[in-house]
Amino acid sequence: MSVNVALTGATGNMGRASLDFLSREENVGKIYCLCQISSKKAADKLKKQYGDKIEFVFGDMADEAVCAKLVQNAQYVVHMAAVIPPKSDRNPALAEKVNFRGTQCLVDAVAALRDQPKFIHISTMALYGDRNYKHLFGRVGDPLMPSPYDPYAMSKLVAERYVLESSLQKWVVIRQTAMLHYNMLSANLSDGLMFHTCYNAPLEWVTSTDSGRLIANIIKQDSQCEQPDFWHKVFNLGGGEGGRNTGYEVFEGGFRIIGGSTEKFLKPNWNALRNFHGLWFSDSYILEDMFRFRRDTLDGFWQQIAKRHPYYKLGKILPPKLISAMLIKPLLKDPNAPTYWEANGDEGRVFASFGDTSPRKLSSDWKQFPLLCKGVAPDGTKVDYAQLKKDESATFLSHGYDESKRDGEIDVNDLKQAAAFRGGELLTVDFKKGDLYRKLQWRCHDGHVFTATAYTVLKTGHWCPECVKPYVWDYDRLSKDNPFYAQVWYDAHGREENKKYSLDENYKTRFEQCEQ
């Protein structure tokens with residue numbers, strides 16, 4: 001049977017790869033792609049490449065009529081469009097409009113149809129927030145705590161929740177990890193965003209090519225025989241053990257192409273010590289077992305990038321100090337760089353990323369900087385880095401209930417325990433065992449009453465939408481009464497910290513003492 005697919009984000013890195021794989025599938029008929037009018041030139045190239053199999057719907061992602069037109073003849077909707085960093089840092093209003101309002105319009109357009117297409121929502125690992133060596137691994141159900149001053153993650157958080165709590169008949173959420181794509185090096189040399197990457201941050205990469213292959217494999221397999229264990233679930237998308245490294249190693253891989261290295265081009269005090277987003281997944285194997293999409297290796301993909309951009313080789317004939325002076329040091333003055341924040345008195349961003357220290361106070365000597373990938377943890381202890389990256393080394397966070405139970409065995413006591421572990425309580429008294437998708441009432445520690453399914457609370461990491469909302473990051477206070485949050489937050493923050501991070505109505509940073 002031939003199926004039609006509607007795509008958003010088709011001109012992005014994952015979108016182009018998905019389009020390429022889908023266009024080769026015999027059982028895929030039309031591919032409808034939503035595209036901004038400003039991207040018409042890119043759309044024309046894709047149309048020329050794929051011919052009549054592809055049709056473009058031009059318009060605004062946050063326009064209900066445009067979304068309705070996009071999905072009206074589709075059997076699958078794949079929602080990949082998003083405003084991502086650094087653009088989201090510079091224009092949070094646009095990120096909110098596209099990432100949240102756009103998702104809302106698309107979900108509503110699908111929900112309004114009598115014969116609803118199946119909805120695949122691409123979310124992000126940025127929802128998990130900052131991780132470090134104390135809890136390198138994460139899994140679906142871990143607390144969702146977008147890092148302070150990250151409007152991208154916050155807009156994606158509320159968008160994901162909208163999908164989870166919607167009236168869609170068939171949906172799935174896929175949290176995309178760090179993605180390696182062909183423009184990786186040039187993208188990271190264009191903004192101060194590169195200095196947000198913590199050298200010891202755990203990152204599990206997947207390539208844009210493998211990500212696109214996954215989307216095509218999902219639709220191919222499900223359209224031939226529905227995958228019952230796939231729908232109404234949240235999954236982590238990662239590259240597995242072979243895709244795991246740290247921020248330091250990411251720079252190393254990219255700089256090697258132009259004849260340099262992390263230590264030749266960067267200084268240890270240029271990059272944040274915390275408040276990034278990245279983790280290794282203990283459960284990314286689940287999607288791989290279902291759809292067998294992994295082909296690429298990190299080293300192999302870096303080599304492909306070098307082949308696609310042969311002029312990068314010119315860097316090998318220039319002195320590393322000259323390259324650093326020409327390409328990297330100017331970015332230290334970019335408004336998205338920590339050194340700029342410090343120079344311009346943005347105390348909130350500096351404290352969020354460095355704690356009680358700052359770039360100026362840190363040593364610029366690599367010999368004094370412990371690197372996890374070289375066998376030294378940030379606290380100075382020796383570690384077996386190769387062993388750390390293996391799945392069996394994962395230390396799981398608690399989700400607050402008996403996770404050994406199958407979904408159908410979860411009862412009201414599990415819900416009560418989970419709510420208590422989050423500092424709140426379950427208000428609904430009549431719960432049928434295993435009925436994870438029924439709307440229930442809950443109350444958080446602050447007294448906010450909200451509605452959410454048991455699946456959303458127990459299985460995805462969401463909790464009170466009033467406590468973690470755009471654009472307020474009140475984790476210092478919340479963690480004092482919420483063990484679910486505390487087990488992550490105190491890995492990088494002192495229990496004595498009592499700060500509240502927020503953006504005002506003009507998206508300017510605010511930094512203040514927490515309310516007692």
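This is a predicted model: local features need pLDDT of at least 70, side-chain atom pairs count only at pLDDT 80 or more; totals for chains, interfaces and linings use all residues.
**Exercise 1. Positive phi**

State the phi of Tyr-149 and of Arg-292, and decide for each residue whether it is buried, partly exposed or exposed.

*Solution.* 
Step 1. Most residues other than glycine have a negative phi.
Step 2. Tyr-149 is not a glycine, yet its phi is positive, about 70°. Its place is the loop between strand E6 (137-138) and helix H6 (151-164).
Step 3. Buried means under 20% relative accessible area. Tyr-149 has 5% relative accessibility, so it counts as buried.
Step 4. Arg-292 is not a glycine either, and its phi is positive at about 45°. This residue lies in the loop between helix H11 (285-291) and H12.
Step 5. With a relative accessible area of 48%, Arg-292 is partly exposed.

**Exercise 2. The pair H1 and H2**

Work out how the axes of helix H1 (residues 13-23) and helix H2 (residues 40-50) are arranged, and list the residues that meet.

*Solution.* 
Step 1. The two axes come within 11 Å and cross at roughly 20°.
Step 2. Angles under 35 degrees count as roughly parallel. H1 and H2 are therefore roughly parallel to each other.
Step 3. The crossing of H1 and H2 is right-handed.
Step 4. From H1, the residues Arg-16, Leu-19, Asp-20 and Ser-23 take part, and they meet Leu-46, Gln-49 and Tyr-50 of H2.
Step 5. Sorted by class, this contact has three nonpolar, two polar and two charged residues.

**Exercise 3. Helix H9**

How many residues of helix H9 (residues 247-257) are buried, and what covers them?

*Solution.* 
Step 1. Eight of the eleven residues in H9 are buried, and the helix is mostly covered.
Step 2. The buried residues are Gly-247, Tyr-248, Val-250, Phe-251, Gly-253, Gly-254, Phe-255 and Ile-257.
Step 3. The elements covering them include strand E9 (202-207), strand E11 (244-246), helix H12 (298-308) and helix H13 (320-328).
Step 4. After H9 comes Gly-259, with a positive phi near 80°.

**Exercise 4. Arg-175**

Is Arg-175 buried or exposed, and which side chain is joined to its own by a polar contact?

*Solution.* 
Step 1. Arg-175 is part of strand E7 (residues 171-176).
Step 2. Its relative accessible area is 0%, so Arg-175 is buried.
Step 3. The side chains of Arg-175 and Tyr-128 are joined by a polar contact of 2.8 Å.
Step 4. Glu-160 is 15 residues from Arg-175 along the chain, and their C-alpha atoms are separated by 9.5 Å.

**Exercise 5. Asp-411**

Locate Asp-411 and describe its surroundings.

*Solution.* 
Step 1. The loop between helix H16 (385-388) and helix H17 (412-421) contains Asp-411.
Step 2. A polar atom of the Asp-411 side chain lies 3.0 Å from the backbone nitrogen of Asn-413.
Step 3. Leaving aside residues up to four places away in sequence, Asp-411 touches Lys-405, Phe-431 and Lys-433.

Key: Residues are numbered from 1 along each chain as its sequence is written. Side-chain values use heavy atoms; hydrogens and water are left out. Axes are lines fitted to C-alpha atoms, for helices over the stretch in contact, and angles run from 0 to 180 degrees between N-to-C directions. Helices (H or I, at least four residues) and strands (E, at least two) are DSSP runs, numbered from the N terminus. Angles under 35 degrees count as roughly parallel, over 145 as roughly antiparallel, 65 to 115 as roughly perpendicular and the rest as oblique. A crossing is left-handed if the near helix is turned anticlockwise from the far one by less than a right angle, and right-handed if clockwise. Contact means heavy atoms within 4.5 Å. Ala, Val, Leu, Ile, Met, Phe, Trp, Tyr, Cys and Pro count as nonpolar, Asp, Glu, Lys and Arg as charged, and the others, Gly among them, as polar. A polar contact is a pair of N or O atoms within 3.5 Å; within protein, one must be able to donate a hydrogen and the other to accept it, and residues adjacent in sequence count only if both atoms are side-chain atoms. Buried means under 20% relative accessible area, exposed over 50%, partly exposed in between (1.4 Å probe, protein chains only).
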